[in-house]
Amino acid sequence: MVIVQNEYFSAQQICMSGQCFRMEMCTDNKYRLIASGKYLEISQREDEIAFDCTQEEYDGIWHDYFDMETDYSRIIGSIDQEDPYLMTAAEYGKGIRILHQDLWEMIISFLISQQNNIRRIRKCISVLCERYGEKKASVSGVEYFAFPTPKALADASLEDLYACGLGYRSKYICQTADSIYHGGFDLEKIRTMDYDTAKKELLKLYGVGVKVADCICLFGLHHTDAFPRDTHINKVMASQYPEGFPFERYDKYSGILQQYIFYYDLNKK
């Protein structure tokens, strides 16, 4: 067990922030997560977070995964005090962190996310993992499934993907998996690109539009200047920033602020 104190970490907010679909609440204050081929349980009491893993695993995987090196208090402290909406949103969602997630998993996850809600996205991904992912067991004996490889999804028929409840997104996944597995699209090359270049390349994938490309850049490549826009964000931009969001002020952190806005707008009521 590894215990960490951090005021700017909320397992609940991370779980519900719309960036990670294989993290879920088990019981009050306890969460489970499947990522990087590993199974992790997290419990939290106020600012104390308990990671149910060895120190070696925490240092080698989870410290980076949860972006623990980034000083989120400094980012929030840089917000213009004359922008009460953004200050309120950041304070409301200050426990959110931008996770270092797998690029391939984010591509498929956000293809599935189109015209979808978080609950159904989780269900679709769970079914996909159970049918095409490698079955594994945690150190404590909990069985789980790794995320399917590009080969596993490239070998799946379109009909089988439809049977996973993916609907029209099945075509996107089928063609994208084929492009990546057979070498037409190089994930390793994408990882070396800056935000603008990576976004342009991602838009070449079948089914990837501007919003999905930005989500992949933010959550799969950790380009924190990516600023995904969905219905919620567009409404906020129209009502709170009619003259435009001040991207020049926040430079490389606008994507983190986007998450505060998204979470606040989705949950404030």
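Reader: Which residue forms a salt bridge with Lys94, and how far apart are the closest N and O atoms?

Author: In this predicted model, the partner of Lys94 is Glu91, and their closest N and O atoms lie 3.7 Å apart. This counts as a salt bridge because the cut-off is a nitrogen-to-oxygen distance within 4 Å.

Reader: Is Lys94 buried or exposed? And what about Glu91?

Author: Lys94 is buried, with a relative accessible area of 17%. Glu91 counts as partly exposed, at 48% relative accessibility.

Reader: How many salt bridges does the count come to?

Author: The count comes to 12 salt bridges.

Reader: What does Arg191 pair with?

Author: Arg191 forms a salt bridge with Asp102, with the closest N and O atoms 3.9 Å apart. This pair links distant parts of the chain, 89 residues apart: Arg191 belongs to helix α10 (residues 187-191), whereas Asp102 sits in the loop between α4 (84-92) and α5 (103-112). Arg191 is partly exposed, with a relative accessible area of 36%. Asp102 is likewise partly exposed, and its relative accessible area is 36%.

Reader: And Lys199, which residue does its side chain meet?

Author: The side chain of Lys199 meets that of Asp214 in a salt bridge of 3.2 Å, N to O. Here too the pair links distant parts of the chain, with Lys199 in helix α11 (residues 195-202) and Asp214 in helix α12 (residues 210-220), 15 residues apart.

Reader: Are those two buried or exposed?

Author: Both Lys199 and Asp214 are buried.

Reader: Changing topic to helices: at what angle do α5 and α9 pack?

Author: Helix α9 covers residues 169-181, and α5 packs with it at an angle of about 160°, with the axes 9 Å apart. The two helices are therefore roughly antiparallel to each other, and their crossing is right-handed.

Reader: Which residues meet there?

Author: From α5 come Trp104, Ile107, Ile108, Leu111 and Ile112; from α9 come Arg169, Tyr172, Ile173, Thr176, Ala177 and Ile180.

Reader: How many of them are nonpolar, polar or charged?

Author: By class, the contact of α5 with α9 has 9 nonpolar residues, 1 polar and 1 charged.

Notes
Residues are numbered from 1 along each chain as its sequence is written. This is a predicted model: local features need pLDDT of at least 70, side-chain atom pairs count only at pLDDT 80 or more; totals for chains, interfaces and linings use all residues. Side-chain values use heavy atoms; hydrogens and water are left out. Buried means under 20% relative accessible area, exposed over 50%, partly exposed in between (1.4 Å probe, protein chains only). Helices (H or I, at least four residues) and strands (E, at least two) are DSSP runs, numbered from the N terminus. Axes are lines fitted to C-alpha atoms, for helices over the stretch in contact, and angles run from 0 to 180 degrees between N-to-C directions. Angles under 35 degrees count as roughly parallel, over 145 as roughly antiparallel, 65 to 115 as roughly perpendicular and the rest as oblique. A crossing is left-handed if the near helix is turned anticlockwise from the far one by less than a right angle, and right-handed if clockwise. Contact means heavy atoms within 4.5 Å. Ala, Val, Leu, Ile, Met, Phe, Trp, Tyr, Cys and Pro count as nonpolar, Asp, Glu, Lys and Arg as charged, and the others, Gly among them, as polar.
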